[in-house]
Amino acid sequence: MVASSTPQPLLRMEGITKSFGNVQVLHGVDLEVGRGEVLGLLGENGAGKSTLLNILNGVLQRDTGAIHLDGEPVEFAGPKQAQDAGLAFIHQELSVLPYLTVAENIFIGRLPRRKGAPWLVDWAACYRQAGEILERLAVKIDPRTIVGRLGTAEQELVEIAKALSMNARIITMDEPTASLTEAEIERLFTLMRALKADGVSVLYVSHRLHEVAEICDRATILRDGKIVNTVDAKTTSSHTLATMMVGRELSELFPKTEHERGRETLRVSNLSTVKLKDVSLSAHQGEILGIAGLVGSGRTELARAIFGADPITAGEIFVEGEKVTVDSPGTAIRHGIGLVPEDRKLQGAVLSMSNAHNISLACMSKVSRLGQLDRGAEKQAAKKLVADLQVFPPRAEQETGRLSGGNQQKVVLAKWLFAGSKILIVDEPTRGVDVGARAAIHGLLNDLAGQGATIIIISSDLPEVMGMSDRILVMHEGRISGELARKDFSEEAIVMYASGLEPIKEGSNA
Amino acid sequence: MSTTAQVDRQVVEAPKRGLARFNIQLENIASAIVLVGLVIVMSIVSPAFLSFSNFLDIARVVAITGIIAAGMTLVIITGGIDLSVGSTVGLSGAVTASLVANSASNSAFVTDFKLPVPLAVLVGLAVGALIGFINGLIITKTKIEPFMATLGSMIFIKGLLFLFTGGYPITFKPMPRDFAFIGQGALLGIPTPVWAFAIVVAALWWVSRRMTVGRAIYAIGGNPEAARLSGLKVDRTKIFVYTLLGFLAALAGIVLTSRLASATTVNGAGFELIAISGVVIGGTSLVGGRGSVVSSLIGVFTVGVIKNALDLFGASTQVQYVVTGLVLLAAISLDGLARRRRRS
């Protein structure tokens with residue numbers, strides 16, 4: 001552990017715990033931020049970072065523990081109280097008001113009023129004060145500019161200006177560089193150094209490990225709701241950080257069954273879309289191909305492009321060795337491709353329809369003639385699939401929206417079994433699904449591969465993707481940044497590739 | 001978690017009492033209960049109410065807007081709406097009238113060029129279908145809200161109607177018998193418009209419940225993205241329902257023209273609101289994905305029975321508006337409450 005840079009830290013969080021229902025998300029977290037310090041907060045998706053930051057900024061209430069600011073215990077009933085105490089929270093998704101000016105955004109809710117006529121806004125003062133703050137940040141933006149016309153990076157600077165105008169002492173930045181270019185990141189870092197010099201502290205969340213070394217003083221690593229370690233950011237290697245972020249045993253939950261790897265069923269060459277750059281891959285009969293990478297790395301976009309849901313700007317797709325043009329999900333389905341999308345409720349199932357109707361939806365031609373549905377046959381097929389997949393309750397006429405998440409996902413899978421998909425792409429198949437249904441879904445995917453289907457599994461859950469896959473492709477910023485054979489699987493290697501780094505090849509155990 | 005699974009079981013099993021055993025939800029049959037209740041009360045209060053001729057009167061009154069409501073139901077199930085149907089009623093009726101023998105008007109567009117009645121009717125239907133097709137095209141290709149798109153076409157088509165008729169009524173001197181049959185005739189003692197209404201409701205019920213395109217309509221309204229990712233042709237299906245509705249609005253317009261023996265610029269004015277009220281009172285949700293043609297049938301009859309009852313009591317038109325408006329507000333509130341309960 002590295003001690004805080006100042007004797008009395010500006011912020012001290014002690015023994016913070018938080019549970020949602022009966023799931024404990026934070027187990028006694030301690031965190032310290034010194035005056036004028038940039039503290040990196042690292043952890044995988046689901047490690048508890050967002051919960052911790054939300055508690056700090058008054059969005060959520062902690063169960064137990066204490067927060068001290070300047071040595072004084074503080075209680076935040078809501079975000080407003082946290083703001084008043086000098087905390088600012090800049091979310092990954094910016095919350096600027098696009099149709100208002102920069103000055104209005106900075107002072108929204110507390111625009112300066114005219115003396116003697118407090119119901120009128122003193123626009124002159126408003127623009128002057130906004131200009132002063134922007135000047136202090138050395139930002140060259142006219143406070144009269146409409147914010148929607150600014151780039152993402154400049155909008156982020158406006159948010160920081162707003163934080164400063166509220167005399168923020170600790171600014172939390174949640175993945176501020178996610179959508180910035182290199183030059184914009186440099187500009188942000190320059191600004192952060194200026195803030196530091198002014199004694200403002202920053203709590204910096206990022207998945208990009210090399211940035212942490214560049215801008216942070218110390219880094220605190222969070223894993224499974226506990227603090228693993230706090231280290232000196234300048235002297236700790238990215239590899240060590242990655243190891244600390246994952247560092248857990250591969251769960252035994254994934255009984256991997258070995259299948260014969262058959263002929264190539266899917267080949268994608270040099271595929272590009274708005275989000276993808278030159279992606280090539282191939283997948284085989286009986287193979288489970290894993291795709292790992294951070295959220296936003298292009299995994300979902302790759303799945304959607306192969307499935308014809310997003311337009312392709314360049315590249316070719318081959319199914320069973322034949323070049324195919326997939327310009328809509330309908331054509332993809334005819335070529336035997338299925339997609340279980342990442343958001344079950346918004347993209348997977350029609351919640352207002354029955355299980356039977358959801359199951360037949362992607363291939364109604366199987367139970368219809370000349371556009372007339374054979375409802376008896378449809379119900380029979382649905383009944384069988386609902387029973388096979390152990391959907392609860394096992395009724396074909398049950399409205400899908402009334403099922404639990406795991407059972408809804410089984411219905412979506414049943415849809416592709418009904419359609420007879422030979423290449424099934426599953427995007428986060430077990431997100432928000434309880435343990436029992438997870439095991440059932442994993443078992444089903446294994447069975448399908450055993451029967452000769454090609455499964456492509458996209459998951460942020462590293463144990464899942466490592467446990468299920470025969471081979472893993474790792475994506476980073478729209479490209480495939482690494483490929484791992486099953487014998488080379490390691491969480492460290494995936495995290496390094498996912499961060500755009502080369503894993504360190506060591507003779508000893510890496 | 002095993003606890004989550006248990007909670008889910010409770011949630012799933014709880015509604016299995018009472019009506020749910022038969023897979024029926026109260027919100028789906030509420031409108032039918034209201035209609036039956038109205039009929040019972042009216043039968044007791046007024047002996048004139050419960051007679052076959054009075055029932056036929058009600059049916060004849062609701063038939064024309066009912067034909068539109070049936071088509072409107074499918075549009076609303078896809079999550080859309082069409083405000084232009086009233087104008088389509090007027091224009092299609094006027095176009096057909098101008099082509100029927102013996103029609104006359106001061107308008108320059110009503111010439112001596114006449115067609116046999118079936119062809120004149122077909123031209124009118126084609127005009128309606130074309131308007132619907134263009135509505136569908138605008139909505140799917142420009143992604144404009146259906147409300148705004150059809151508000152625009154409503155005004156545009158109204159304008160065309162004024163240009164076409166020059167503001168003058170088109171009348172018949174006299175009306176050919178086969179054209180009069182469409183709106184004024186009867187078959188087996190049942191008025192032709194009621195036949196047309198019955199056939200439209202039966203056909204649309206079949207399309208929506210027994211055909212793949214009907215399934216697509218429900219899926220698109222319930223979850224457009226899931227429908228698209230299941231390979232359904234979302235745009236084509238939407239264009240189909242708007243075209244069908246335009247066609248049905250034209251049919252209603254032709255029936256109305258025959259019934260009134262004239263085509264004027266006020267024909268069909270406000271019909272879009274009457275049709276939408278019927279659909280909503282029947283229980284079809286404006287959010288999309290739920291509802292049925294049969295419940296719209298119940299909805300338009302509910303409106304018809306209320307109007308008929310007020311007529312029998314000698315209530316003024318003003319009072320009729322007030323009562324119909326109240327029923328509509330009650331139906332929408334019930335829909336909103338039911339949706340909130342479903343969410344929680």
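Helix H13 of chain B is mostly covered, with 15 of its 20 residues buried; a residue is termed buried if 20 or more other C-beta atoms lie within 10 Å of its own, exposed if 12 or fewer, and partly exposed in between, with C-beta atoms placed from the backbone. The model is predicted, so local features need pLDDT of at least 70 and side-chain atom pairs count only at pLDDT 80 or more, whereas totals for chains, interfaces and linings use all residues. Residues are numbered from 1 along each chain as its sequence is written, and chains are lettered from A and ligands numbered from 1 in the order in which they are written. Helices (H or I, at least four residues) and strands (E, at least two) are DSSP runs, numbered from the N terminus.

From its first C-alpha to its last, H13(B) reaches 28 Å, close to the 28 Å expected at 1.5 Å a residue; the expected span is 1.5 Å times one less than the number of residues. Helix H8 (residues 192-210) of chain B packs with H13(B) (residues 293-312) at an angle of about 145 degrees, and the two axes are 9 Å apart. Axes are lines fitted to C-alpha atoms, for helices over the stretch in contact, and angles run from 0 to 180 degrees between N-to-C directions. On the H8(B) side, Val201(B), Leu204(B), Trp205(B) and Ser208(B) meet Val293(B), Val294(B) and Leu297(B) of H13(B), two residues being in contact if their C-beta atoms, placed from the backbone, lie within 7 Å. This contact comprises 6 nonpolar, 1 polar and no charged residues; Ala, Val, Leu, Ile, Met, Phe, Trp, Tyr, Cys and Pro count as nonpolar, Asp, Glu, Lys and Arg as charged, and the others, Gly among them, as polar. Just after H13(B), Gly314(B) adopts a positive phi of about 75 degrees.

Chain B also contains an open sheet of 3 strands in the order E1-E2-E5, with antiparallel pairing. Strands E1 (103-104) and E5 (262-263) of chain B stand at the edges with a single partner strand each, so one side of each is left without a neighbour in the sheet. Strands are taken to pair if DSSP finds at least two bridges between them. Strand E2(B) (residues 170-172) is joined to E5(B) in the antiparallel sense over 2 bridges, and Ile170(B) stands opposite Ala263(B). In the loop between E2 and helix H7 (177-184) of chain B lies Pro174(B), whose peptide bond from Lys173(B) is cis, with omega near -15 degrees. Lys143(B), in the loop between helices H5 (117-142) and H6 (146-165) of chain B, has a positive phi of about 60 degrees although it is not a glycine. With 8 C-beta neighbours inside 10 Å, Lys143(B) counts as exposed.

Chain A is divided into domain 1 (11-245) and domain 2 (264-498), the bounds coming from an automatic or database domain assignment. The C-alpha centres of these two domains of chain A lie 37 Å apart, and their contact takes 7 residues from each of domain 1 and domain 2. The domain 1 side of this contact in chain A divides into 3 nonpolar, 4 polar and no charged residues.

Val33(A), in strand E2 of chain A, counts as buried, with 28 C-beta neighbours inside 10 Å. Among the residues that Val33(A) touches are Leu39(A), Ile170(A) and Leu203(A).

Helix H17(A) (residues 491-498) has 7 of its 8 residues buried, so it is largely enclosed by the rest of the structure. Its buried residues pack against helices H8 (238-245) and H16 (462-468) and strands E15 (288-293), E23 (471-476) and E24 (479-485) of chain A. Gly500(A), which follows H17(A), has a positive phi near 80 degrees.

The contact between the chains takes 32 residues from chain A and 26 residues from chain B. Helices H10 (329-334), H11 (344-348) and H15 (435-450) and strand E20 (372-373) of chain A each supply at least two residues of the chain A side. By class, that side has 17 nonpolar, 11 polar and 4 charged residues.

Terms used
Lists of a residue's contacts leave out its neighbours within four places in sequence.
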